[in-house]
Amino acid sequence: MKLDEFTIGQVFETNCFKLTKEDIMRFAKEFDPQYMHLNEKKAKQGRFNGIIASGIHTMALSFKLWIEQGMYGEDVIAGTEMNNIKFIKPVYPGDELHTIVKVIDKETKKRETGILTVLLSTYNKEQKVFEGELSVLIKK
């Protein structure tokens, strides 16, 4: 979809993604090698009582789920910024995530492009675990 096809307030819902312990550990080994993502014994003794996904992993999955909906297609040019990132609740192995995406702003930049901003709200069932705003440069 092009910028002009989106409307402020428009809402989309993504498919679901079920996280496994292996997914969490694989991501953490490469991008966020902290004990709460990798060391089961130490994680069990910590605040979350077990392995949890990295917040960065949850954010990346939220983005992946949105992109897989195909709304931007080949009209997107580049991401421009992310704001108001909130890691609200821990994500555990076996959690099934889906993202609600709401168009919150659009702004024409040049004759053929503009900035589209969406709010990504990611849930494990009915419980919100992540929220963040994503802006992209997109064809008009």
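**Surface patch, salt bridges and pocket**

Ile 56, Met 82, Ile 85 and Phe 87 make a nonpolar surface patch of about 320 Å². Before going on, this is a predicted model, in which local features need pLDDT of at least 70 and side-chain atom pairs count only at pLDDT 80 or more, while totals for chains, interfaces and linings use all residues. Residues are numbered from 1 along each chain as its sequence is written, and side-chain values use heavy atoms, with hydrogens and water left out.

Patches are made of residues with over 30% relative accessible area and no salt bridge; nonpolar side chains (Val, Leu, Ile, Met, Phe, Trp, Tyr) are joined within 5 Å, like charges within 9 Å. Areas come from the Shrake-Rupley method with a 1.4 Å probe, and for residues only the protein chains shown count as cover. Strand β3, residues 76-87, gives the most to this patch, with three residues. Strands (E, at least two residues) and helices (H or I, at least four) are DSSP runs, numbered from the N terminus. Ile 85 is in β3, and it counts as partly exposed because its relative accessibility is 31%. Here buried is under 20% relative accessible area, exposed is over 50%, and partly exposed is in between, with a 1.4 Å probe and protein chains only.

Now the salt bridges. How many does the structure hold? There are seven, each a side-chain nitrogen of Lys or Arg within 4 Å of a carboxyl oxygen of Asp or Glu.

One joins the side chains of Asp 75 and Lys 2, at 2.8 Å from N to O. This pair links distant parts of the chain, 73 residues apart: Asp 75 is in the loop between α4 and β3, and Lys 2 is in the segment before β1 (11-13). Asp 75 is buried, at 14% relative accessible area, whereas Lys 2 is partly exposed at 34%.

Another joins Asp 23 to Arg 26, at 2.7 Å from N to O. Both lie in helix α1, residues 21-31, three residues apart, about one turn of the helix. Is each of them buried or exposed? Asp 23 is buried at 16% relative accessibility, and Arg 26 is exposed at 53%.

In helix α4, Lys 64 and Glu 68 are four residues apart, so about one helical turn separates them. Their side chains meet in a salt bridge of 2.5 Å, N to O.

Last, the pocket lining. α4 gives the most to the lining of the largest pocket, with three residues.
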